[in-house]
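Subject: Two-chain model for you to look over

Hello,

Here is the structure I promised. Please open it next to this email and read along.

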Amino acid sequence: MTDEGKLTHGLARTLAGKADAEPISVIVRYGALRRVMRHREPLAGVQQSYHYRLRPFVHFYATPEGIRRLAEDEQVVCIYEDLPVHAFLDVSVPRIQVPALWDAGLTGEGVRIAIVDTGIDPTHPDFRGRVAETTDFTGEGPIDRHGHGTHCASVAAGSGAASGGKYRGVAPQAAIYAAKVLRADGEGMMSDVMAGIEWAVDRGVQVIGLSLGGSGPSDGTDALSEMCDAATEAGVTLCVAAGNDGPAAYTIGPPGAARQVITVGATDDSDRVGYFSSRGPTLDGRVKPDIVLPGVDIVAARAVGTNMGTMVNDYYTGATGTSMAAPHAAGVCALLLQAEPGLTPQQIKARLMDSAIDLGADPYAQGSGRADAWRAWQNQVQPYPKPEPTPPSPPSPSPGQGCLTSLLQLLFRGRGRS
Amino acid sequence: MVQVDPETRKAWREHPRTSVDLILHVEGSVQERKEKLAARGVEVKRGFRLTNTLSVRCTGETALKLLRLSWITRIEPDRAVRALGRRFP
């Protein structure tokens, strides 16, 4: 067999049509497990992601040139393209054992969740009768003209009414508050997000979902991160997307770098941390993200008149990102608060982290692991204490204060991208 | 002493008439500080009680003058944020 013959037809076709050197996700099959160890030696353009135990497979991110180098190894039997799988809400929600909590009567009823984002489509059947209040800090009006906020709100608290319950969110009876802080182009300013958070705190919400952020790295002393920490100190649990600037280290920006929030990275349907999911540590060396949750190809509510993501039908669309992972966490927090209203944000964060399932990935990619609603409710802690992670080489110059973040962003933009 | 990124300070000096959006961390009552800033020609957009901060717009020249005010503890640019959901190939 020629080296090229080790590539599946689909992968060969993808490489033939690929003009850039960006890494792609591949699965390599070896002749024997022991041979896999050969690639512990670094190959240029190849980054090992996961080593499967049951079969001699290894998952890599590799450039086209890296794939050719892999194919030259006589121990490699075949290289497959890693094809997307769809983690619809009807897959991602059961994966984190939410239906077991529904069966116990926990649906988020009586809990107030705020989505601080691009607004919401209040006419969507999945939110019928539960949008308690909306506001706008962009000047465009509170209606979601982008689709992102509606999607996130339905992951956290959609009822699935327009799909016969198929695409039901995590806390389908929670009350929803929506602050529009991002414009129709999906962008906005930190100060508008800060206003949205304060608005939500003033309304007595218990959980805030923030699926937005700026570029990293950050040390968590910027104004937005400080606002998030202040909201936590006021008794509100904040679930914040880690960012989509992975897999390089030091890619968590504000507000994901805030100390007290629950920073959420994204996994796929196979419980692998997404290639894109931002990695820690923070600029000042703290471990982030805190947990990971499903965030790849999540099908949830589509705002009327918008075309974000991959449209499924008039009412639903699929999207990927840590944006989709964070509202899974927000929904789980709502369920925990319904069960135990006295839980503090710090206790909820500890519950989710201590009970998370260790995926065996780098702590700077997975945090404590993939959160699980049932285990968090039952307060099941991981069986063994985890070792302290070894931090990657720090960026230079040495980490500074929050005000230096903009400068550091310029210095490190593009770092870690081949 | 007010903390501010040296690059930001340099940009204000080089473009004194350009409008800049800033977040000011202040000591004392946010409401009182709002009024004092407005009197100095600063457009105050919002005040935040949870963090004792204000979002403002002013020229680079005015921003440099704000550095002299003892009750302002830190100044940082109001930065862009974006939604973190998208399609990936």
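Two residues are in contact here if their C-beta atoms, placed from the backbone, lie within 7 Å. This is a predicted model: local features need pLDDT of at least 70, side-chain atom pairs count only at pLDDT 80 or more, and totals for chains, interfaces and linings use all residues. Residues are numbered from 1 along each chain as its sequence is written, with chains lettered from A and ligands numbered from 1 in the order in which they are written.

Take A:Ile113. Leave aside its neighbours within four places in sequence, and A:Ile113 is in contact with A:Ala156, A:Ala157, A:Ala171, A:Ala174, A:Ile176, A:Val205, A:Val207, A:Gly209, A:Ala330 and A:Ala334.

Two terms come next. A residue is buried if 20 or more other C-beta atoms lie within 10 Å of its own, exposed if 12 or fewer, and partly exposed in between; C-beta atoms are placed from the backbone. A nonpolar core is a set of buried Ala, Val, Leu, Ile, Met, Phe, Trp, Tyr and Cys residues joined through C-beta atoms within 7 Å.

The largest nonpolar core has 118 residues. Those that touch the most other members are A:Ile113, A:Ile176, A:Val207, A:Ile208, A:Val240, A:Val264 and A:Ala329. Helix H8(A) gives the most to this core, with 11 residues. A second, separate core holds 14 residues, among them A:Val26, A:Tyr30, A:Ile67 and A:Val76. In soluble globular proteins, nonpolar side chains tend to be buried together.

**Helices and a sheet in chain A**

Helices (H or I, at least four residues) and strands (E, at least two) are DSSP runs, numbered from the N terminus. Chain A has 12 helices and 16 strands. Of its 418 residues, 56% are buried. Among its contacts with a separation of 6 or more, 77% are between residues 24 or more positions apart.

Helix H5 (residues 148-157) and helix H8 (residues 322-339) of chain A pack at about 35°, with axes 7 Å apart. Axes are lines fitted to C-alpha atoms, for helices over the stretch in contact, and angles run from 0 to 180 degrees between N-to-C directions. From H5(A) come A:His148, A:Cys152, A:Val155, A:Ala156 and A:Ala157. They meet A:Ser323, A:Met324, A:Pro327, A:His328, A:Ala330 and A:Gly331 in H8(A). The residues of this contact divide into 7 nonpolar, 4 polar and no charged. For these classes, Ala, Val, Leu, Ile, Met, Phe, Trp, Tyr, Cys and Pro count as nonpolar, Asp, Glu, Lys and Arg as charged, and the others, Gly among them, as polar.

H5(A) also lies across S14 and S16 of chain A, at about 100° to S14(A). These strands belong to an open antiparallel sheet of 3 strands, in the order S14-S16-S15. Two strands pair if DSSP finds at least two bridges between them. The edge strands, S14 (298-301) and S15 (310-311) of chain A, each pair on one side only. S15(A) is joined to S16(A) (residues 316-319) by 2 bridges. There, A:Thr310 stands opposite A:Gly318.

**Chain B**

Chain B has 3 helices and 5 strands. From the N terminus, its elements run α-β-α-β-β-α-β-β. Its C-alpha atoms fill a box of roughly 50 × 35 × 20 Å along the principal axes. Of its 89 residues, 38% are buried.

Its open sheet has 4 strands in the order S2-S3-S1-S4, with antiparallel pairing. S2 and S4 of chain B are the edge strands. The twist averages 25° from one strand to the next. S1(B) and S3(B) pair over 7 bridges, and B:Ser19 stands opposite B:Thr59 in S3(B).

**Where the chains meet**

How many residues does each chain bring to the contact? Chain A brings 46 and chain B 27. On the chain B side, strands S1 (19-26), S2 (43-48), S3 (53-59), S4 (72-77) and S5 (80-83) each supply at least two residues. S5(B) gives the most, with 4. By class, the chain B side has 10 nonpolar, 5 polar and 12 charged residues.

S5(B) also pairs with a strand of the other chain. Its partner is S10 (residues 212-213) of chain A, antiparallel over 2 bridges. A:Leu212 stands opposite B:Ala83 in that pairing.

Best wishes
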